[in-house]
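Hello,

Here is the structure we talked about handing over. Please have a look, then read my notes below.

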Amino acid sequence: MSTVINAAPSQTPGIASAVAGAEAWLETVRDEDGYYGPVVGFRNTSMAYCGPGFDWRYEALLDAAIAMHRATRDGAYLDRIEQDLSVLAAAQLENGAFRNSYFEFNPFEGGMPHEPAALAAACRALRYLKKAGRGVPSGIARSIEFYIERRLLKELWNKLLQTFNDWETSEFTDYAPCSVAAAMELLIGYAACAGTWEKVERYVSGAAASLVRAQQSAGVLDGAMPLTHRNRNAANVYLAARCLPALVEAHKRLDDASLQQAADKLNRFLERNAALDGPAPRLVFASRPASFLPFFPGAFAGTLLCRLRAGFMTQADVAPHVARALDYALPSGAFRTAEGFGALRTPKAPPDWRDIMPVCGWTAKLYALLAELHPGQRETHAAKAVRLPVRVRRRQGVFIEDDATLRIEDAQGKPLYHWVKKQRWPQECAL
Amino acid sequence: MERPSPAEAFWRLSMERRSTRLFQETPVPPDVIRRLVHAAIQAPTSCNRQLWHFVIVTDPAVKARMSRLGDDEAQSYLYDAPAIIAVFYDTTMESRNPCCTPVITAGMAIYGLLLAAEAEGLGAIYLGGIRSPRGVAAALHAPEHLQNFGLVCLGYRDDEPAVPERRSVDEVISFNAVGGADKLCHPDIRPHVWKLRQLADFREKILWYKGIGIDGKTLHVNPDPRFSPKFRYMIDRLGMLIARRKKPAALDIFSHNADLALQLLNACAPDIGALYAYDLTEGIADFMRQRLRGIVNSDAIAFLVNPDDAAIRIPLPDNSIDVISCYERLGHFEDPLPLAREMHRVLKPDGTAMVVVSNRFYPHLYRYRRTLRKNYALGRNWDYGPERKFEPKEAATLFQHAGFRIRSLTGLEPATVKVVSTAERLCRKLRWHGLGDWIIDWRDQRFATQSWSRYVSKTLVYELEKR
């Protein structure tokens with residue numbers, strides 16, 4: 001990275017080039033024990049802990065590697081899958097949960113829906129490796145089984161509600177549909193790998209019924225999955241989309257028409273609220289206007305991936321949306337995290353630092369989406385350093401990134417944030 | 001096989017009975033439940049009135065209604081247990097009895113139930129943490145004169161409950177007059193007015209009451225304290241302090257539940273040279289050891305115990321620790337100076353101590369809320385209890401006397417956050433949602449502050465170094 005440029009949003013590289021860029025950037029934050037970096041999320045920012053995270057970034061990374069191998073037939077992607085799976089397995093704790101799996105709340109273990117989402121992708125990866133003639137890494141297979149036995153069924157299964165709890169967002173008499181859906185996907189994926197459908201059927205059936213119970217059926221939220229079963233006034237579009245593949249898979253397994261109907265209804269809600277070329281709210285409320293900002297392109301890519309996986313969209317349907325996604329690419333190869341943090345800013349003001357801060361989990365989601373559309377011809381990416389004006393609270397600042405470091409400085413050049421890549425903690429964190 | 005004598009059978013039953021919190025789904029046969037109730041009603045009653053009534057609840061919908069109206073939705077065993085026995089007693093005749101005979105009678109019947117359950121090979125737990133027994137009564141359509149005295153959860157055991165150590169008979173007995181009870185009993189609910197021995201005893205007993213290994217299932221009883229923003233701030237700062245040094249020795253002082261030690265291992269195990277957790281008794285250290293064993297490699301932590309009840313003494317040499325953390329624990333001492341001096345003694349000359357205390361200049365509303373609700377109890381969540389709060393000047397003087405220099409003082413959750421939250425709610429009412437969003441964003445970015453508002457923050461975080 002020698003040339004320093006000012007990135008302009010209109011520079012839109014092609015898909016193959018953007019994929020190459022994302023891969024190059026991900027390499028700058030990857031070490032032997034995982035993918036590093038700070039996290040800017042919906043509800044929180046984790047800027048101090050920059051060590052490896054074992055959250056839904058692995059879902060996107062594994063799915064992307066599968067898609068890339070399918071497109072290019074390059075065996076290096078299978079090697080990458082094997083490597084990522086063994087790193088993920090090594091992060092498991094003795095109670096079945098995974099270290100640092102809470103994404104924006106890292107470093108904490110037991111993240112939902114992160115853990116089951118990552119392991120459901122691991123199941124898909126295991127099946128793909130087997131199909132590709134590779135041996136199945138035993139570590140991750142044991143790890144998935146242990147997670148299901150020890151954590152999912154023993155600690156998170158709620159006998160009263162016949163569904164899965166998510167302690168962080170719900171009380172015992174409540175549940176978060178997106179977490180339930182991730183757990184269902186994992187159980188169905190595990191059953192497909194291990195051939196043990198009988199063992200998980202009643203859990204999948206109970207959890208699927210709880211999703212149907214939670215689904216909204218009137219007004220602007222018609223078809224939506226609420227944030228939690230009891231908090232029925234709001235739906236996060238990105239998290240609601242996570243329920244789509246779970247409903248469709250459960251319908252295939254259980255042959256229950258109500259599940260397909262629920263999926264259709266949910267898809268219609270997503271169609272109304274998740275068009276990249278139109279309005280794409282993050283939160284939809286029953287009794288007040290939808291909240292559009294900040295817009296997370298990575299999360300939006302996740303929505304499209306869910307609809308792709310559930311069969312409600314084809315790659316051809318997704319393709320027209322991609323141009324806008326590419327607008328968020330930074331010259332470093334990563335993607336901007338968001339647009340519109342710090343609402344009510346004047347149009348001419350520079351973006352908030354949280355909009356620019358590249359995050360492994362969000363970049364991986366866009367990488368996975370683009371990988372689905374990859375033409376097969378690989379390109380190389382000449383990564384460039386990034387220097388962009390940003391707002392830090394109400395003041396001017398500069399965002400600077402190169403291969404080795406990521407910095408935010410104030411107008412006088414004083415570092416407000418300084419992270420040396422692949423280090424667990426930043427040198428400076430005054431954000 | 002030889003049958004045990006009645007005395008042997010009684011002793012075995014008494015010694016082996018444990019509270020069960022994880023149950024299998026297998027239903028309890030009705031005739032077994034009838035036998036348990038038969039045992040319960042053999043208990044003595046005042047004036048032979050026998051005015052008790054037992055309601056067996058097996059229907060999940062009734063359980064849910066009972067838990068909702070009883071204001072006790074957070075207890076997992078209420079749902080997991082295949083059968084619940086709600087114990088009622090008619091208190092009309094004895095409502096003014098000075099020895100609370102209806103309560104005692106119900107208690108004796110409940111103990112009979114628990115022993116009978118043990119004898120039948122079942123697991124059981126008496127649930128006395130119900131906030132509204134009246135709600136339970138209403139949920140079960142009980143008439144006005146029948147008072148609920150709690151619930152017994154019943155089922156086949158799915159756990160191996162830990163065995164909390166019982167006090168010795170000598171500790172709890174005296175002849176002809178009360179003697180020695182003040183050693184462990186508490187004359188006041190405020191921990192900082194207790195003697196060191198009372199504090200140590202309370203900490204140890206409260207940690208053990210739920211046993212080990214069910215944390216994942218029951219964390220929801222209280223919000224996981226590790227998710228509080230101030231805990232996360234502490235971990236972030238400690239992680240950065242540790243990362244700046246080469247394989248430092250870190251010491252955590254009085255980590256409740258070993259949470260801080262657990263997080264440090266999760267987040268910075270490769271960076272730490274040695275990690276110590278210091279607490280008051282061997283029982284507490286044993287609890288932390290056993291709890292962590294089910295989650296992480298607990299061998300990575302050295303547990304240190306205060307040598308005796310007489311005074312605070314950290315069993316480490318002088319100048320041996322690089323980073324010290326003490327999270328909301330100074331407030332447990334009327335005179336925290338000895339603890340601060342010990343921290344100073346073991347800290348290396350270039351080390352850092354991070355001490356978190358509650359600020360007296362903050363309106364801690366929970367006090368008033370709990371006073372209004374009149375159901376205050378110093379339970380497992382005693383972090384939010386009535387322990388001592390510090391004025392910033394008072395804390396500064398304390399650290400100065402202990403030999404520290406304050407490198408930085410950060411306020412967490414300033415009172416301004418509360419004010420702007422009110423403004424945000426007003427914006428929502430006026431449908432100014434854009435402004436409301438902006439206020440939320442402003443608020444979230446100012447949780448930790450080093451401006452003037454730190455003096456009116458809920459929590460004060462001191463980073464200290466040796467003078």
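Which element gives the largest share of the lining of the second largest pocket? It is α4(A), with 5 residues. Please keep in mind that this is a predicted model.

**The pocket**

The second largest pocket has a volume of about 640 Å³. Its lining takes in 22 residues. Nearest the centre lie D63(A), R70(A), R124(A), R127(A) and R309(A). Five helices of chain A each give two or more residues to this lining: α2 (57-72), α4 (114-131), α6 (177-194), α9 (243-254) and α11 (297-309). By class, the lining has 11 charged residues, 9 nonpolar and 2 polar.

**The interface**

Next, the contact between the chains. Chain B brings 46 residues to it and chain A brings 42. The area buried between the two chains is about 4,000 Å². Carbon and sulfur atoms give 54% of that area. On the side of chain B, F227(B), N266(B) and Q445(B) lose the most area to chain A. Together these residues make up 14% of what that side buries.

Now the pairs across the interface. There are 3 salt bridges between chain B and chain A. R202(A) and E25(B) meet in a salt bridge through their side chains, at 3.0 Å from N to O.

Which helices of chain B supply at least two residues each to the side that touches chain A? They are α3 (60-69), α4 (76-80), α9 (215-218), α10 (229-243), α11 (259-268) and α17 (433-444). By class, that side of chain B has 19 nonpolar, 15 charged and 12 polar residues.

**Salt bridges overall**

Over all chains the count comes to 53 salt bridges. One to look at is in chain A: the side chains of R424(A) and D33(A) meet at 2.9 Å, N to O. Why does this pair tie together parts that are 391 residues apart in sequence? R424(A) lies in the loop between β13 (415-420) and β14 (428-429) of chain A, whereas D33(A) lies in the loop between β2 (30-31) and β3 (34-35) of chain A, so the bridge links those two parts. Side chains of opposite charge can pair when their charged atoms come close.

Best wishes

How values were computed
Residues are numbered from 1 along each chain as its sequence is written. Chains are lettered from A and ligands numbered from 1 in the order in which they are written. This is a predicted model: local features need pLDDT of at least 70, side-chain atom pairs count only at pLDDT 80 or more; totals for chains, interfaces and linings use all residues. Side-chain values use heavy atoms; hydrogens and water are left out. On a 1 Å grid over the protein atoms alone, a cavity is a set of points where a 1.4 Å probe fits but cannot get out, and a pocket is an open set with protein on both sides within 12 Å along at least five of seven lines; lining residues have an atom within 4 Å of a point. Grid points are joined across faces, edges and corners, and a volume is the space filled by probe spheres set on the points. Helices (H or I, at least four residues) and strands (E, at least two) are DSSP runs, numbered from the N terminus. Ala, Val, Leu, Ile, Met, Phe, Trp, Tyr, Cys and Pro count as nonpolar, Asp, Glu, Lys and Arg as charged, and the others, Gly among them, as polar. Contact means heavy atoms within 4.5 Å. Buried area is the accessible area (1.4 Å probe) that two parts lose on being put together, summed over both. A salt bridge is a side-chain nitrogen of Lys or Arg within 4 Å of a carboxyl oxygen of Asp or Glu.
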